[in-house]
Amino acid sequence: MAFNLFCRIPFGRIHKTNPEIVELARKLLRSPGSVVMKMGNLASFDPHLRKRGVKGLRNASKLDAQIWEEFKVAPREILVESQRLLDAINRPLELPLQEEGGEEWTTDQRGEDKEALVKTRIGQRIFRDTILASYREKCCVTGIAKRELLIASHIIPWRTRLETRLDPRNGLCLNALHDKAYDHGLISVRPDFTVAVSERLHKAAQDSEKLAFIVQSEGKKIQLPEKFAPSEEFLAFHYQKIFADSAQS
């Protein structure tokens, strides 16, 4: 559960007066400081934080290391399970399971279908929270900071590879317009973290000044997140497969 909060709370808000941390500590019969310490222990394993000079705490346990290693191998399972644990202590047992949108699960749904849909919705929710928190709720290309306009964009598309769906290293925080362009391969982010704009979009911009908002991103370096830096391998996949295929079509 502490790992869940570490993912979803921007690094600068991890402190013992944060309401989410205070509430988790209360329900675990621990002090807020102990939850913060656990989150600091987990932070010590993030290579992106170490690269930025943020070392986290040094008294991490073997269990902390085990959780981080399991997350590296199976981020989807760890994130979904952590959210389910949080939901379990935050929801009275007698209430029906309810997900975003207010939909309740009916008794005539097949168990496996229900389980799959629950995992998908939980996963989508925590993926969005994690990506927006990592990028300080700002579009990494334009700096737009209006949460309602921000999308947790998948680098390798959701449909393409199961194991990367909920991996925070497979996410970029983009505004809705850049997200749509990215999804269709009209723009990409190179492994050196610079933006590439397709020739098709450059040509279209010649007849539409409004497209300059996207085209002017060419060559611009994205703002990197506080944690969970985008994987260069995943960026290369999008740039070489999705962006390249779009440029040729």
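Predicted model: local features only at pLDDT ≥ 70, side-chain atom pairs only at ≥ 80, totals over all residues.
**Stop one: α5 and α6.** Select residues 62–73 for helix α5 and residues 75–90 for helix α6. Their axes sit 5 Å apart, at an angle of about 120°. That makes the two helices oblique to each other. Now show the side chains where they touch: Glu70, Phe71, Lys72 and Val73 on the α5 side, with Pro75, Ile78 and Leu79 on the α6 side. Colour them by class and you'll get five nonpolar and two charged residues, with no polar ones.

**Stop two: the salt bridges.** How many salt bridges does the structure hold? There are 14. For a linked set, select Arg8, Glu20, Asp129, Glu137 and Arg147, which form a network of salt bridges.

Start with glutamate 20 and arginine 8, whose side chains meet at 3.0 Å, N to O. Glutamate 20 belongs to helix α2 (residues 19–28) and arginine 8 to helix α1 (residues 2–8), so this pair ties together parts 12 residues apart in sequence. Is arginine 8 buried or exposed? Buried, at a relative accessible area of 16%, while glutamate 20 is partly exposed at 36%.

Next, centre on arginine 147, which is partly exposed at 30%. One partner is aspartate 129, with the closest N and O atoms 3.4 Å apart. Aspartate 129 lies in helix α7 (residues 111–134), and arginine 147 in the loop between α7 and β1, 18 residues away. Glutamate 137 also meets arginine 147 in a salt bridge, at 2.7 Å, N to O. Both of these residues are in the loop between α7 and β1, 10 residues apart. Glutamate 137 is partly exposed, at 21%.

Notes:
Residues numbered from 1 in each chain as written. Heavy atoms only, no water. Axes fitted to C-alpha atoms, helices over the stretch in contact; angles between N-to-C directions. Helix = DSSP H or I, 4+ residues; strand = E, 2+ residues; numbered from the N terminus. Parallel < 35°, antiparallel > 145°, perpendicular 65-115°, else oblique. Contact = heavy atoms within 4.5 Å. Nonpolar A, V, L, I, M, F, W, Y, C, P; charged D, E, K, R; others polar. Salt bridge = Lys/Arg side-chain N within 4 Å of Asp/Glu carboxyl O. Buried < 20%, exposed > 50% of the residue type's maximum accessible area, 1.4 Å probe, protein only.
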